[in-house]
Amino acid sequence: MTARQVHPYHLVDVSPWPFLMSVGIFSFAMTLVSWLTHYPVHTAYTIFPGMLLIAFLWWRDVVREAKGGFHTATVQKGIMIGFLLFL
């Protein structure tokens, strides 16, 4: 048996963006709770722009994967079916 499995799908590399975004969302939620309980909140001015930066970098990686030729015909067909089901 070979160490490399051959299949028609693109397996993405490990990305730090989902973990960093979840930390940002959790921090923003805690900041929102603090604000609702009338505690002074100054961290929202750094958390929200950080979340926007993470979202931008994450989508940059998604676009690079899409335009890099990583998607086979099987993957492109699955993306199209998923999009049509979404609509």
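The crossing of H1 and H2 is left-handed (the near helix is turned anticlockwise from the far one by less than a right angle). The model is predicted: local features need pLDDT of at least 70, side-chain atom pairs count only at pLDDT 80 or more, and totals for chains, interfaces and linings use all residues. Residues are numbered from 1 along each chain as its sequence is written, and side-chain values use heavy atoms, without hydrogens and water.

The protein holds three helices and zero strands (DSSP runs of H or I, at least four residues, and of E, at least two, numbered from the N terminus). Its pattern along the sequence is α-α-α.

Helix H1 spans residues 17-36 and helix H2 residues 44-67. They pack at about 155 degrees, with axes 10 Å apart (lines fitted to C-alpha atoms over the stretch in contact, with angles from 0 to 180 degrees between N-to-C directions). H1 is therefore roughly antiparallel to H2 (angles over 145 degrees). Contacts (heavy atoms within 4.5 Å) involve H1 residues including Trp17, Met21, Ile25 and Phe28. On H2, the residues met include Phe48, Met51, Ile54 and Trp58.

The C-alpha trace spans about 60 × 35 × 20 Å along its principal axes. Of the 87 residues, 11% count as buried (under 20% relative accessible area, 1.4 Å probe, protein chains only).

Definitions and conventions:
Buried means under 20% relative accessible area, exposed over 50%, partly exposed in between (1.4 Å probe, protein chains only). Angles under 35 degrees count as roughly parallel, over 145 as roughly antiparallel, 65 to 115 as roughly perpendicular and the rest as oblique.
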